[in-house]
Structure formats: structure tokens, C-alpha cells
Amino acid sequence: MKKRMIGNLEVSEIGMGCMGFSHGYGQVPEEAYSIEAIRKAYEAGCTFFDTAEVYGDVVFFPGHNELLVGKAVAPFRKDIVLATKMFLHESEIADGTSIYDATCKHLEQSMKNLQTDYIDLYYLHRVNEHVSFEEIAAAMGRLIKEGVIRAWGMSQVDVNILAKAHAVTSVAAVQNLYSMLERDCEKDIFPYCLEHNIGVVPFSPIASGFLSGKIKADTQFEAVDDVRKFVPQLSKENIIANQPVLDILAEYSAKKHATNAQISLAWMLHKYPNVVPIPGSKNQERILENLGAADVELTDEEFRALEAALDACTIHGHRGHVETEQTTFGNKWKKADE
């Protein structure tokens, strides 16, 4: 697979979000199946794997996904870029503990879970409005100098927060929501990141599966730990209303002998040289299909026509790419599940 740069990190141009093996899409596969899926992704050319300390906390426990990913990538750990993420709560520094020491505690646990002595890309999962992200940026700078992490990133931020953090310690990557249905990042994040050599790592680049065309208005999502129940575009009325986007994708997928999902990924790869999507799935076939999007190339003419067709569509349902720990989308579905 072709490579791209995320700051100073070289990665496959499509990465893999591993969350679904522990959280977010209902019942998870057996561990052996999940480990095999990650290893098949590596064999298919993927060298960029994304996890987080919190993935698994709803049904299992914090660290569940990191433990699984650590087992899976152990045979080729040195040949990949491994990304994980942390939350920092105000209670952790209430007794006078420094932000640096609190960050180190999270990092040490993640490295233990992942069976590694360094993290390639360490994200602040979301900004906590009660904890200084500038101080976290400074702590990340220390950790980079110490060689424990190679680069750091932020998730679900706007350009103002990104710029303030980047001024303290250079940010390598921004992991934000971005897809054909969620394009807010095009207004501020992409221009800034292109100017400052920052990679953009879209999560949910296939719009929680909607752009694959496999989700229908009568699709029933799972009862336990399935965030798709609360994704705005996946309400019954919005699935129907956003059908024109699927019609456009179907036209191009037929023309290019590809799938809808592959076209949606090829579109963003063509549009931005600094974008590295991390589609996630718990299904091996879907994972390999998504990685296969790297082999789908749109001509400039095809891209312009596709872009014009998308621009003419009205998108129904909007989540937005900016969230904090206090305003996270996750709070909505956690409360609904209680």
C-alpha cells in the first residue's frame, strides 16, 4: 500500500480503527477472530492501527481493546505505527498531582496493555474543559523528548484549540469526524493542517456504515453498546433523506468496479494529501474491503464530477467534529442506555 506522512510518522494511506472489537457496534467477535482480522489487515499492507484506553469500558473494562491489539500486533510491532488515546479527568490532578505525572500514569498503563515500550502516536482523546490542554501539550513535548512517544495528536477539536496546542508542542495528527456526510473539517481543520504539516485522521469515514449502502431504513441496531442507534444520519428518516448520496456512490462504484465504501474513501484520499482515514469494522471481509480502497483511483475529472454532485446534495443529520469531554456525543448514548 502507498504511504503517507502524519507529521514525522510514515503510515499506510489507509489505517485501521480497532474499536469495534471491544465497543460501539454491539456484540463483539471472539478474541481469536479479532486478532486474526488485525493480522490480515497487516498482511494486506496496513501499517497504522488505532485504539484507545477507554475502548471496552461499557461491556468489558478499560484497556480491553489495547490488550487485544497488543496481542495481535506483537509479531510485527516494530514495523507499524501504533496509536492510542487518553482521557485526563480533573479528579486526577485535584490532589496536586502534576499534569505531566498524571499523563505518564495513563501512558504507562497503555504501554503495558499494548506490550510495548513506546507509543508512536499518543492522542488526547478529547479536551476536558476543566484541564489545561496547553499543559497537556507541554507534557506531550516532554514525553517526545524522553523518547517514550514519537508524536502526539488531538481529537475532535476546532482550529482555535488546535492552534493553541500546536504553539506549545507541534501536533502530528488530528483525529476528527470526517466523511461525505460530515464535512465541517474542510472549513478550518484541513487548511490549517495542510499549512502546518499535520495529518488529519478521520474516524467514521464511511459514516458509521451508511456510505456502504448496507444500512437500510429498517435496519435494527443491537440493543447493547451500539452507538449507531444515536448517530444522527442513521435515524430512519435521515437514512431515507440521504439516499441521493448513495445513488451518487452507486454510479461511481459501478463505473470503477469498486464498492460504495471504497469510493467514499478514494474520494477523500484524492482530495487531501494529508488525510489518512481509519475505517473501523468487526468484520474481516469489510476490513479488507476498506483497505482495498487504496487500489481505487479517481481521475481528476471523475473527482471533480463527484465533488460537484456531492455539493449539490442536502445532508440530513449533523453531529459536528468538535466535542469536549463535557459535550461528547458519547454522553448522549450512555445516558440513553442507563
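1. Helices (H or I, at least four residues) and strands (E, at least two) are DSSP runs, numbered from the N terminus. S208 is found in the loop between strand 9 (199-200) and helix 7 (236-241). The phi angle of S208 is near 55°, a positive value in a residue other than glycine. At 15% relative accessibility, S208 counts as buried; buried means under 20% relative accessible area, exposed over 50%, and partly exposed in between, with a 1.4 Å probe and protein chains only.

2. Some ground rules for reading this note. This is a predicted model, in which local features need pLDDT of at least 70, side-chain atom pairs count only at pLDDT 80 or more, and totals for chains, interfaces and linings use all residues. Residues are numbered from 1 along each chain as its sequence is written, and side-chain values use heavy atoms, with hydrogens and water left out.

3. T219 is partly exposed, with a relative accessible area of 28%. A polar atom of the T219 side chain lies 2.7 Å from the backbone nitrogen of K216. This is a polar contact: a pair of N or O atoms within 3.5 Å, where, within protein, one must be able to donate a hydrogen and the other to accept it, and residues adjacent in sequence count only if both atoms are side-chain atoms. T219 and S235 are 16 residues apart along the chain, and their C-alpha atoms are separated by 9.8 Å.

4. Most residues other than glycine have a negative phi. Q156 is not a glycine, yet its phi is positive, about 60°. Q156 is found in the loop between strand 7 (149-155) and helix 5 (159-168), and with 2% relative accessibility it counts as buried.

5. Next, the nonpolar interior. A nonpolar core is a set of buried Ala, Val, Leu, Ile, Met, Phe, Trp, Tyr and Cys residues joined through side-chain atoms within 4.5 Å. The largest such core has 92 residues, and I38, F49, M154 and L162 have the most contacts inside it. Helix 9 (residues 260-271) supplies the largest share of this core, 7 residues. A second, separate core has 16 residues, including V81, L121, A173 and F203. In soluble globular proteins, nonpolar side chains tend to be buried together.

6. What does F49 touch, not counting residues up to four places away in sequence? The list is M16, C18, I38, A41, Y42, F76, I80, V81, L82 and A83, where contact means heavy atoms within 4.5 Å.

7. Helix 9 also packs against helix 8 (residues 243-256): their axes come within 8 Å and cross at roughly 95°. Axes are lines fitted to C-alpha atoms, for helices over the stretch in contact, and angles run from 0 to 180 degrees between N-to-C directions. Helix 8 contributes L246, L249, A250, Y252, S253 and K256 to the contact, and helix 9 contributes N260, I263 and S264. By class, this contact has 5 nonpolar, 3 polar and 1 charged residues. Here Ala, Val, Leu, Ile, Met, Phe, Trp, Tyr, Cys and Pro count as nonpolar, Asp, Glu, Lys and Arg as charged, and the others, Gly among them, as polar.

8. Helix 9 packs against helix 11 (residues 300-311) as well, at an angle of about 110° and with the axes 11 Å apart. Helix 9 and helix 11 are therefore roughly perpendicular to each other. On the helix 9 side the contact is made by I263, W267, H270 and K271, and on the helix 11 side by D300, F303, L306, E307 and L310. These residues divide into 5 nonpolar, 1 polar and 3 charged.

9. E66, in helix 2 (residues 64-73), is buried, with a relative accessible area of 0%. The side chain of E66 makes a polar contact with the side chain of S110 (2.7 Å). Leaving out residues up to four places away in sequence, E66 touches T51, A52, E53, T84, S110, N113 and L114.

10. N128 is in the loop between strand 6 (119-124) and helix 4 (133-146). Is N128 buried or exposed? N128 is buried, with a relative accessible area of 4%. Its side chain makes a polar contact with the side chain of E325 (3.3 Å), and a polar atom of that N128 side chain lies 2.8 Å from the backbone nitrogen of H130.

How values were computed:
Angles under 35 degrees count as roughly parallel, over 145 as roughly antiparallel, 65 to 115 as roughly perpendicular and the rest as oblique.
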